[in-house]
Amino acid sequence: MYIIGENIHILSEKVKEALKAKDAFFFQDSAVKQVEAGAQALDLNLGPRKADWQEVFPWMVKTVEEVVDVPLSIDSTNLLGIEAALQTITKAQPIINSTSAEPERLEKASLVAKKYNARLVALTMGTSGIPVAADERVNIAVEILIPRMMEIDYPMENLIIDPLVLTVSGCQQYCPHLIEAVRTLQYAWDPAPAISVGLSNVSNAVPNENRPLINRVYGAMLMGVGLNMMIANPCDDLQQEMIRIIENRDNSTPVGRLYLKIADKTAAMEELSPEDVDFSDPEQVAIWKTVQILLNKVIYADGYLQQ
């Protein structure tokens, strides 16, 4: 699993405070910890920074590149800020996060990506928003995103399609469709572009104590359909253990066997059954209940684990 570390994100109050104070140590410490935990790239989500982008984007790149060598994913809606960051990067091939299929954004972002030999995350979202159905998301990739890259002779190996994870809290109906979008996108073009998702988006607006469980169960389901890249928290030890279990086919523990069942049954377009679960084990029960909400079989509520 190629993990793009997500922990430098402007929505975090600590990140906001550190950025305001230009606290280089804060960002360098986060970068090093994420890479040491297994991140193979780092997402730098700085927001639009409309007033100070000329200063902030290059400063962040220089700060982080002093301590790590991995690719940097510049995450912003501000293309001028992204370009300022790309002009500053001196190490690994950068990533632009992101463009949508909205014509003006796609036209400009793709040209910037080609100019700087950057990888480009392209979202399956058009001017009318994010479609629910998997086939509609795939169609955006096949009919709009990929043809644009071909039009400008952009290397297909640099394209990353993101079919968009939405939260189970409020957008529950999207969750199973995203799984099918990931499955289908791998066969929608030859050669297939890379596919990535923002895993923790599935638990946005969920109580903090439940977020890691939802993230890793959804991660197991997505690994079952072939996902091998995601923006996620590499410092989540239980998530990293789930990834290790599935990648190594480690069936030495009851919970490990359950995660393998989840991945295998999702791969086979089957559903986890009660016979797969030891209901005397609270951890397995929590995983079972989480699968049910992610498949939209049981209506999500913040207290779903107590139901």
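# Close-up views

**View A. D153 counts as exposed, at 61% relative accessibility.** Exposed means over 50% relative accessible area, buried means under 20%, and partly exposed is in between (1.4 Å probe, protein chains only). This is a predicted model: local features need pLDDT of at least 70, side-chain atom pairs count only at pLDDT 80 or more, and totals for chains, interfaces and linings use all residues. Residues are numbered from 1 along each chain as its sequence is written, and side-chain values use heavy atoms, with hydrogens and water left out. D153 sits in the loop between α6 and β6 (159-162). Helices (H or I, at least four residues) and strands (E, at least two) are DSSP runs, numbered from the N terminus. What is the phi of D153? The value is positive, about 60 degrees, although D153 is not a glycine. Most residues other than glycine have a negative phi.

**View B. R49 also has a positive phi, near 50 degrees, and is a residue other than glycine.** Look for R49 in the loop between β2 and α3 (53-65). R49 is partly exposed, because its relative accessible area is 23%.

**View C. Two cis peptide bonds can be picked out, N97 to S98 and D190 to P191.** Most peptide bonds are trans. For the bond between N97 and S98, omega is about 25 degrees. S98 belongs to strand β4 (residues 95-99). For the bond between D190 and P191, omega is about 0 degrees. P191 lies in the loop that runs between α7 (174-185) and β7 (194-195).

**View D. Helices α5 (residues 103-115) and α6 (residues 134-151) cross at roughly 40 degrees.** Their axes come within 10 Å. Axes are lines fitted to C-alpha atoms, for helices over the stretch in contact, and angles run from 0 to 180 degrees between N-to-C directions. The two helices are therefore oblique to each other. Angles under 35 degrees count as roughly parallel, over 145 as roughly antiparallel, 65 to 115 as roughly perpendicular, and the rest as oblique. The crossing of α5 and α6 is right-handed. A crossing is right-handed if the near helix is turned clockwise from the far one by less than a right angle, and left-handed if anticlockwise. Which residues meet here? From α5 come L106, E107, S110 and L111, and from α6 come I144, L145, R148 and M149. By class, this contact has 5 nonpolar, 1 polar and 2 charged residues. Ala, Val, Leu, Ile, Met, Phe, Trp, Tyr, Cys and Pro count as nonpolar, Asp, Glu, Lys and Arg as charged, and the others, Gly among them, as polar.

**View E. R148 is a residue of helix α6.** Is R148 buried or exposed? R148 counts as buried, because its relative accessibility is 12%. R148 touches L106, E107, S110 and L111, not counting residues up to four places away in sequence. Contact means heavy atoms within 4.5 Å.

**View F. E104, in helix α5, pairs its side chain with that of K108 in a polar contact of 2.9 Å.** A polar contact is a pair of N or O atoms within 3.5 Å; within protein, one must be able to donate a hydrogen and the other to accept it, and residues adjacent in sequence count only if both atoms are side-chain atoms. E104 is partly exposed, with a relative accessible area of 46%.

**View G. N45, in strand β2 (residues 41-45), counts as buried at 11% relative accessibility.** Leaving out residues up to four places away in sequence, N45 touches I8, H9, I10 and D75.

**View H. Helices α8 (residues 211-224) and α11 (residues 282-294) cross at roughly 70 degrees.** Their axes come within 10 Å. The pair is therefore roughly perpendicular. The crossing of α8 and α11 is right-handed. On the α8 side, the contact is made by L213, I214, V217, Y218 and M221. On the α11 side, A286, I287, T290, V291, I293 and L294 take part. How many residues of each class does the contact have? There are 10 nonpolar, 1 polar and no charged residues.

**View I. L178, in helix α7, counts as buried at 1% relative accessibility.** Neighbours within four places in sequence aside, L178 is in contact with R137, P163, L164, V165, V197, Y218 and L222. The C-alpha atoms of L178 and V168 are separated by 11 Å, and these residues are 10 apart along the chain.
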